[in-house]
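Dear colleague,

I am handing over the structure we spoke about, and below it I have set out what was found. Please read the notes with the model open beside you.

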Amino acid sequence: CTMFVIREAKREDCQAVVDLILELADYEKMRRHCHINREQLVRDGFETEFPWFYCIVAESAEGKIVGYLLYYRTYSTWDARQAYMED
């Protein structure tokens, strides 16, 4: 049985998250359209009063980030509060 820890991402996790994003882009044969980098994730998620996104990571027992969930809050004039999840 493999154990994982699910936790909020920290700025130190940003490179691992970018690596997973790029791995997914490669798998989907869309790498040329993927322009995200570590600095953008750090800036937009950890260096602003109102983050553009939130992130949860799955960490293996060995301490390796093996998955992530990126989400952000949005608001609908018809339905009120919502959350949008990526990947």
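In what follows, Ala, Val, Leu, Ile, Met, Phe, Trp, Tyr, Cys and Pro count as nonpolar, Asp, Glu, Lys and Arg as charged, and the others, Gly among them, as polar. Please keep in mind that this is a predicted model.

By that division, the lining of the largest pocket comprises 11 nonpolar, 2 polar and 4 charged residues. The pocket itself has a volume of about 330 Å³, and of the 17 residues that line it, Ile21, Ile36, Leu70, Glu86 and Asp87 lie nearest its centre. At least two lining residues come from each of H1, H2 and E3.

The largest nonpolar core also has 17 residues, among which Val17, Ile21, Leu41, Cys55, Val57 and Tyr68 touch the most other members. Helix H1 (14-27), helix H2 (38-46), strand E2 (54-60) and strand E3 (65-76) each contribute at least two residues to this core, and the largest share, 7 residues, is supplied by H1. Leaving aside residues up to four places away in sequence, Cys55 is in contact with Arg7, Glu8, Ala9, Val17, Tyr68, Leu69, Leu70 and Tyr71.

Lys64, finally, sits in the loop between E2 and E3, and it counts as exposed because its relative accessibility is 56%, where the cut-off for exposed is over 50%. With residues up to four places away in sequence again left out, Lys64 touches Ala58 and Glu59, while its C-alpha atom is separated by 19 Å from that of Val42, 22 residues apart along the chain.

With best regards

Key. Residues numbered from 1 in each chain as written. Predicted model: local features only at pLDDT ≥ 70, side-chain atom pairs only at ≥ 80, totals over all residues. Heavy atoms only, no water. Core = buried A, V, L, I, M, F, W, Y, C linked by side-chain atoms within 4.5 Å. Buried < 20%, exposed > 50% of the residue type's maximum accessible area, 1.4 Å probe, protein only. Helix = DSSP H or I, 4+ residues; strand = E, 2+ residues; numbered from the N terminus. Contact = heavy atoms within 4.5 Å. 1 Å grid on protein atoms, 1.4 Å probe; cavity = no way out; pocket = protein on both sides within 12 Å on 5 of 7 lines; lining within 4 Å. Points joined across faces, edges and corners; volume = space filled by probe spheres on them.
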